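Visitor: Hi, I'm new to this one. Could you show me around?
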Amino acid sequence: MHEGSPPPNEQPPGTRWAPRPGAARGRHAAAVVAVLLPASFAAWLIMQAAGGGSGEGKAAPTLLPPPGSSEEDSQASDGRPSGDGGEATRPPGPERKPLAGRTVVIDPGHNPRNRDHAAEINRTVGIGTSRKACDTTGTATESGYAEAEFTLDLARRVRNGLERQGATVKLTHDGGRAWGPCVDARAKAGNEAGADAAVSLHADGAPARERGFHVILPESVDEGAADTRAIAGPSRVLGRELVAAFRESTDERPARYIGDGKGLDTRGDLGGLNLSRVPKVFLECGNMRNAEDAKRLTDSEWRDRAARGVAEGVAEFLEGRPKS
């Protein structure tokens, strides 16, 4: 709930794999060698006994190699690569980091401790066009799983995914604050970091019959301290990438009770967007009041998929934009 809202090698059992082409021929050859080798060696001993001495002036006997040996084995044993090109010993290349040099700010909506600091979070702050409460407690599922707990957990997972791709990721808070930060400070965090993108994570508290996720985009606003004209367009691109990636990763459908029915809603009354100077969106990951959505939101494996969807959406957005 956003600001201002109410609170392959293993053989399967029973399966017989067909032998590789030539495998039977190889086993037959090995059997022949096993029979011939002792006979050859015995014959050589008889010749030695008959001829005596060290065999000077005689051709040295040619012994068959032991079964299973090969030229490739001898090359491998002395440390030189076997096969064509020595791929086994070639050092691996550097891991690709497509988001190196990029900065992303992730804002975990609300704070699990806000409920204990009513006076602090109820004081008003400027949101550019007007004033609103510093923050709210957020919503929760019927079982009591708080939105603030969900967003903090998801934000950490998103951070891990983006950092693996090379991005520098900053959270507006990481569970160490007693309350807040206020909505104006959350917007400023992205500005001060010079972020290439910012995403505020939430979950909605809509009527129980409604379900699905949606992304909130900043309206183009130029009023008071609010000026989103430069970021409204890029934020819409970011939002579209998030909708596509989140839907694919989670199999969650876009909400039909809000926005355009395709997962996008545009608003000009949110301080977290109005005061942003970098491309930014809110992601409402589902409706905590809906039983089906709540089942997903409370599932750790689903949150992994949700985090992957967020990270992939942000990555798609950044890879399509020049570095600042």
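Guide: Here is a short tour of a cavity and a helix contact. The model is predicted, so to speak of local features pLDDT of at least 70 is needed, side-chain atom pairs count only at pLDDT 80 or more, and totals for chains, interfaces and linings use all residues. Residues are numbered from 1 along each chain as its sequence is written, and side-chain values use heavy atoms, leaving out hydrogens and water.

Visitor: What volume does the largest cavity have?
Guide: About 70 Å³. A cavity is a set of points on a 1 Å grid over the protein atoms alone where a 1.4 Å probe fits but cannot get out; points are joined across faces, edges and corners, and the volume is the space filled by probe spheres set on them.

Visitor: Which residues line the largest cavity?
Guide: Lining residues, which have an atom within 4 Å of a point, include E3, D107, H110, R186 and F282. Both α5 (183–193) and β5 (197–204) supply at least two residues of that lining; helices (H or I, at least four residues) and strands (E, at least two) are DSSP runs, numbered from the N terminus.

Visitor: New topic: at what angle do α4 and α9 pack?
Guide: Helix α4 (residues 147–164) and helix α9 (residues 300–319) pack at about 55°, with axes 8 Å apart. Axes are lines fitted to C-alpha atoms, for helices over the stretch in contact, and angles run from 0 to 180 degrees between N-to-C directions.

Visitor: Which residues make the contact?
Guide: Among them are F150 and L154 of α4 and W302 and V310 of α9, where contact means heavy atoms within 4.5 Å.

Visitor: And α6 with α9, how far apart are the axes?
Guide: The axes of α6 (residues 232–250) and α9 are 7 Å apart, at an angle of about 145°.

Key
1 Å grid on protein atoms, 1.4 Å probe; cavity = no way out; pocket = protein on both sides within 12 Å on 5 of 7 lines; lining within 4 Å.
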